[in-house]
Amino acid sequence: MTRNLRFRSIESRIVTLFLVLVVALQLIGLLVIQRGIDNNARLAIGAELNNGTKVFHRLLEQNAQSLRFGARLLARDTAFVAAIGNNDEGDRATIESALENSGRRIQASLSMLISDQRKITATTNRAQSAALEKMALSMLDAAEATDGAIGIAIVEHRPFQIVAMPVKAPITIGWIVMTFPIDRQLASDMREISALHTTVLTRDQQGRWLQAGSTFAAPSAQELLEELQALGPTASALPFDVTVESDQYSARLMPIGVDDGQTASVLLARSIDEATAEYRRLERWLVGLALAGIAISVLVIVFTAKRIAHPIGELVTTAKRLEGGDYNTPIDSTREDEIGQLANAFDAMREGISKREQEIRRLAYWDTLTNLPNRAQFVLLLNDALLEARRRGEALFVLIMDLDRFKHVNDVMGHSFGDALLRQVAGRLQLLLANRRQSSAQVARLGGDEFAVLLPAASTAAALAMAAEILQALETPLSLEEQTVDLGAGLGIAGYPDHADVGETLLSMAEVAMYAAKQRNDGAVIYDAAMDKSSAQSLSLLTELRNAVERNELRLHVQPKISLATGMVVGMESLVRWMHPERGNVFPDEFIPFAEQTGFIRVLTRWVMEKSAELCGELAAQGHHLKVSVNLSTRDLMDQDLPVMFADLLARHKLMPGSFCLEITESAIMDDPVRAQHTLERLSAMGLDLSIDDFGTGYSSLAYLKRLPVNELKIDKSFVLNMEKDEGDTKIVRSTIDLGHNMGLRVVAEGIESEAVWRLLAELGCDQGQGYFMSRPIAGDQMIAWLEKWQAPANLVATAAGSEAAIDS
């Protein structure tokens, strides 16, 4: 009876209830975390294996390209082709020597020549040639059709990459065949690049697995073969588990080729114990923390239950905090320290992964179309070369080339044809540098049809000679898809120390010289300050512009955008002003075109974006949720990293994508419609509004504009200013409004400078407007004060509302 009463006491109920609750919460939390850790570890391993297959395919592709390049060089060697044509014993020795030397240079295991009678006439390894003869002969037709063919062959249970290249003079007089072993060396290369064990395997016609090279030790590799044999069909491209010397691995089998019933594959394996070591250590910490928490909770509950009066409130508060997930709230000092350290560890892990991913994206410096360095990497290479040139007291030169008539070819033949053409041009430039054995020279694609060549330790004569060779190489017509295309080029040259000692400035000067070359049709032109009307002032202006950003001389101004129907402020357009310490206020017309010409517009655009985001956040904090419009130039629109920059901007300032509207002119879009549309689609998918600025002043195709993911049309002020006096302008504005609304777009009018124009636009159904009648551009820090004072003319708003009602009825 006493025990029953004791159990019913408040003390026993509190102890029992909270003890069960704490233990249950801890156990459930541990189970959920453990399940999440296991899933995350498996997903991470699966991602590593998936990336590993791509990396290995890339290694194979690099080897194949090396073979193809070596074979192509040999096949086009004049002496080698002549030796094949003579076909006597003395030339046979020459052929065999050339095969051996060429194969040695690219580390090929076999080089052989097949005659036009499809017989092996020369080889560096007769035994291997005999084994590969059937495979090689089967590739000849494909090599003939595509100027080279690549395949996988298996000889004595060992896989090889094999390439066949026709020798033409000008008809095909033979084929060069080269092979590269896929063995332990390639597996070791893969192991160095990734954390994956790599094993090269073959499977014969009886289904037996044989090893051709592995990063596992010999006993482990043999054990892996036995387990793989036991798995049978279970082993596939999907991840599966294997055990090697008591260590468990997650593996993935990747077929790389089939030859005469035999299969060549690569097995990628990741140690599960290694991959989950950190997770297991984390699990032990969590278990320890849970046990400590339970023990501390029991002590606190018992102590609180005994005190009755004070503990109940403490326990209720603690339970609510636990229910809300606030595990940083301490129960005692020990628990606070451990949970705080654990939270910091998780946060540090998250930040570390985020920084590494950003670093990986930042280091993506290769042009995917031509496999040449892109503009970002070329600037880095140029800056490094400038440092070396200063140290050694040498000169260097930059050559920038822009193709003639490429845009016309692109429009007529299509962008896929244009891309293939750019790849051929890149190949010619690479071949030219390779033939000159100019190991330190670098070629890059800056964007569009612009290419650049860096010549360290060169003289003016050497730069001119290189320019002449490039132009001569382009004089030979390009053949593609049974089409022959003649492409010339304008080529500009600038050098250090004659012209500039800063990489970006040197590039800008080379571009100026290139434009001069295209205008004069002179081929190659060396930069001269006289090419610009105000060259010295322009260079000074570029330096001052850079200093203006660093010294905070730029100012953000905004012009409000008003709903013509309600008179409410719905947005603002961002504008940049330059308060020069000596010149005073520098008008945008004086520096914006120059910034676009030199490429500095990208820096200005990012400055405006940053300041606009800050102002947008400040306005939102005061309850003013306005959409801010920012202008993009042609160079901004061609920047493929623009969407990534916007994502980072929005995340840092905690803004929704709908807070921004990006304004693009028709001419900027039509400079490269396909790339512009690709960039606009990525921005639109993020949720950003897009606007066509100065609509009606360009020459764009309405059929093309229909496909653009835009949300807004802005009528150019040249049509709005004289609407009340010029009936023609009124008709143009009415047609533009109707067109925009029919396309589902809002329409904004610029240049409203009178009450009559506001009223006329409202009657025509125009959605929004901006102009001096509402407000001139004002400083960004004055926007809040202006918003508090703004009142739309009552008669205009009433008239607009009445017009809308009449239209609706």
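Visitor: What should I know about the model and its numbering?

Guide: This is a predicted model, where local features need pLDDT of at least 70, side-chain atom pairs count only at pLDDT 80 or more, and totals for chains, interfaces and linings use all residues. Residues are numbered from 1 along each chain as its sequence is written, and side-chain values use heavy atoms, with hydrogens and water left out.

Visitor: How many aromatic pairs does a search of the whole structure find?

Guide: A pair of aromatic rings is described by the distance of the centres and the angle of the planes. Rings of Phe, Tyr and Trp (its six-membered ring) pair if their centres lie within 6.5 Å; planes under 30 degrees apart are stacked, over 60 edge-to-face, and the rest tilted. The search finds five pairs. One of them joins Phe 216 and Tyr 249, edge-to-face, at 5.3 Å centre to centre and 85° between the planes.

Visitor: Which parts of the chain does that pair link?

Guide: Distant ones, 33 residues apart. Phe 216 is in the loop between strand E7 (209-214) and helix H7 (218-231), and Tyr 249 is in strand E9 (residues 247-259). Helices (H or I, at least four residues) and strands (E, at least two) are DSSP runs, numbered from the N terminus.

Visitor: Is Phe 216 buried or exposed?

Guide: Buried means under 20% relative accessible area, exposed over 50%, partly exposed in between (1.4 Å probe, protein chains only). Phe 216 is buried at 8%. Tyr 249 is buried at 7%. Another pair, Trp 786 and Trp 790, is stacked: 5.2 Å centre to centre, 15° between the planes. Both Trp 786 and Trp 790 are buried.

Visitor: Which charged end sits over the ring of Tyr 772?

Guide: The test is NZ of Lys or CZ of Arg within 6 Å of the ring centre and within 35 degrees of the ring normal. Here the charged end belongs to Arg 776, 4.0 Å from the ring centre of Tyr 772.

Visitor: What is the strand order in the open sheet of five strands?

Guide: Strands of a sheet pair through backbone hydrogen bonds, either parallel or antiparallel. Two strands pair if DSSP finds at least two bridges between them. The order is E2-E1-E5-E4-E3, with antiparallel pairing. Strand E2 (120-123) and strand E3 (149-155) stand at the edges, each with a single partner, so one side of each lacks a neighbour in the sheet. The twist averages 25° from one strand to the next. Strand E1 (residues 110-115) pairs with E2 over three bridges. Met 112 has Thr 123 in E2 as its bridge partner.

Visitor: Which helix lies across E1 and E2?

Guide: Axes are lines fitted to C-alpha atoms, for helices over the stretch in contact (heavy atoms within 4.5 Å). Angles run from 0 to 180 degrees between N-to-C directions. Helix H5 (residues 126-146) lies across E1, E2, E3, strand E4 (158-168) and strand E5 (172-181), at about 55° to E4.

Visitor: Where is Ser 574 found, and what does its side chain contact?

Guide: A polar contact is a pair of N or O atoms within 3.5 Å; within protein, one must be able to donate a hydrogen and the other to accept it, and residues adjacent in sequence count only if both atoms are side-chain atoms. Ser 574 is found in strand E19 (residues 569-580). Ser 574 is buried, at 4% relative accessibility. Its side chain makes a polar contact with the side chain of Ser 612 (2.8 Å).

Visitor: What does His 197 touch?

Guide: Not counting residues up to four places away in sequence, His 197 touches residues including Phe 216 and Tyr 249. His 197 is in strand E6 (residues 197-203).
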